[in-house]
Amino acid sequence: GALSGSAANLVLAFAGTVTEHTGTVTITDAPTLAQLVTINAETTGAITLNDASANYSGSAANLVSAFAGTVTTHTGTVTVTDALSVTNANTINAATSGVITASITDDATDLATLAGTGNNYTITLTDDPTVAQLVAINAATTGAITLQSADGALSGSAANLVLAFAG
């Protein structure tokens, strides 16, 4: 059946030897990151956040665990306190409409697949991007982008070169 309550009470309800809950869960207040991770681990049902605006800060693994499954779209900010992979960035981005702040180091091919726009990623490239890759990477972040090679040759239309270095 459906469960509803404060995050603290739901965590207590799932403590001990409770089997996995399969019904829906409504959290009536803003859960902490730790509470959301605990609740999400105990249910396969959809989680509704009555207050989805909490700002979260934590490891990439905890944030991915908190937003796993079906959770109301989160609207607060998210700060990732350790290295973030492109895969985890895209998972977190799918769960929140808030700004994600994180550092990502990867190659241009993977970084060009970052989903979303307006996030504050500090990006370090491990290889030289094409203009198209740099345009895609730049569109995903408002943060700094560090190129592996500052003197690498880039070729493209004037419009794409402007987009590649916008921001």
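1. Strand 5 (residues 78-80), helix 4 (residues 86-95) and strand 6 form a β-α-β unit, and the unit is right-handed. Right-handed here means that, with the strands pointing away from the viewer, the path from the first strand over the helix to the second runs clockwise. Helices (H or I, at least four residues) and strands (E, at least two) are DSSP runs, numbered from the N terminus. Strand 5 and strand 6 pair in the parallel sense over 2 bridges. Pairing requires that DSSP finds at least two bridges between two strands. Valine 78 has isoleucine 100 as its bridge partner in strand 6.

2. A word on the basis. The model is predicted, so local features need pLDDT of at least 70 and side-chain atom pairs count only at pLDDT 80 or more, while totals for chains, interfaces and linings use all residues. Residues are numbered from 1 along each chain as its sequence is written, and side-chain values use heavy atoms, with hydrogens and water left out.

3. The chain as a whole. There are 7 helices and 8 strands. The C-alpha atoms fill a box of roughly 60 × 25 × 20 Å along the principal axes. Of the 167 residues, 38% are buried. Buried stands for under 20% relative accessible area, exposed for over 50%, partly exposed for in between (1.4 Å probe, protein chains only). The accessible surface is about 7900 Å², and carbon and sulfur atoms hold 54% of that. These areas come from the Shrake-Rupley method with a 1.4 Å probe; for residues, only the protein chains shown count as cover. Among contacts with a separation of 6 or more, 30% join residues 24 or more positions apart. A contact is a pair of heavy atoms within 4.5 Å.

4. Threonine 101 faces asparagine 120 of strand 7 across the pairing. Isoleucine 104 stands opposite isoleucine 123.

5. What do the side chains along strand 6 do? They alternate: Ile100, Ala102, Ile104 and Asp106 point to one face and are buried. Strand 7 has a covered face of Tyr121, Ile123 and Leu125, and an uncovered face of Asn120, Thr122 and Thr124.

6. From strand 7 the chain goes through helix 6 (residues 131-140) to strand 8, a right-handed β-α-β crossover. Strand 7 and strand 8 run parallel, joined by 2 bridges. Isoleucine 123 has isoleucine 145 as its bridge partner in strand 8.

7. Strand 2 and strand 3 pair over 3 bridges. Isoleucine 27 has leucine 49 as its bridge partner in strand 3.

8. Helix 2 (residues 33-42) has as its buried residues Leu33, Gln35, Leu36, Val37, Ile39 and Asn40. They pack against helix 1 (7-14), strand 2 (25-27), strand 3 (47-49), strand 4 (56-58) and helix 3 (60-66).

9. Which residues touch the most other members of the largest nonpolar core? Of its 37 residues, Ile27, Val80, Leu84, Leu114 and Tyr121 do. Such a core is a set of buried Ala, Val, Leu, Ile, Met, Phe, Trp, Tyr and Cys residues joined through side-chain atoms within 4.5 Å. Isoleucine 27, leaving out residues up to four places away in sequence, touches partners including Leu10, Leu36, Ile39 and Leu49.

10. Leucine 63 lies in helix 3. Leucine 63 is buried, at a relative accessible area of 0%. Beyond neighbours within four places in sequence, leucine 63 contacts Leu33, Tyr56, Gly58, Val78, Thr79, Val80 and Ile92. Leucine 63 and asparagine 88 are 25 residues apart in sequence, and their C-alpha atoms are 8.8 Å apart.
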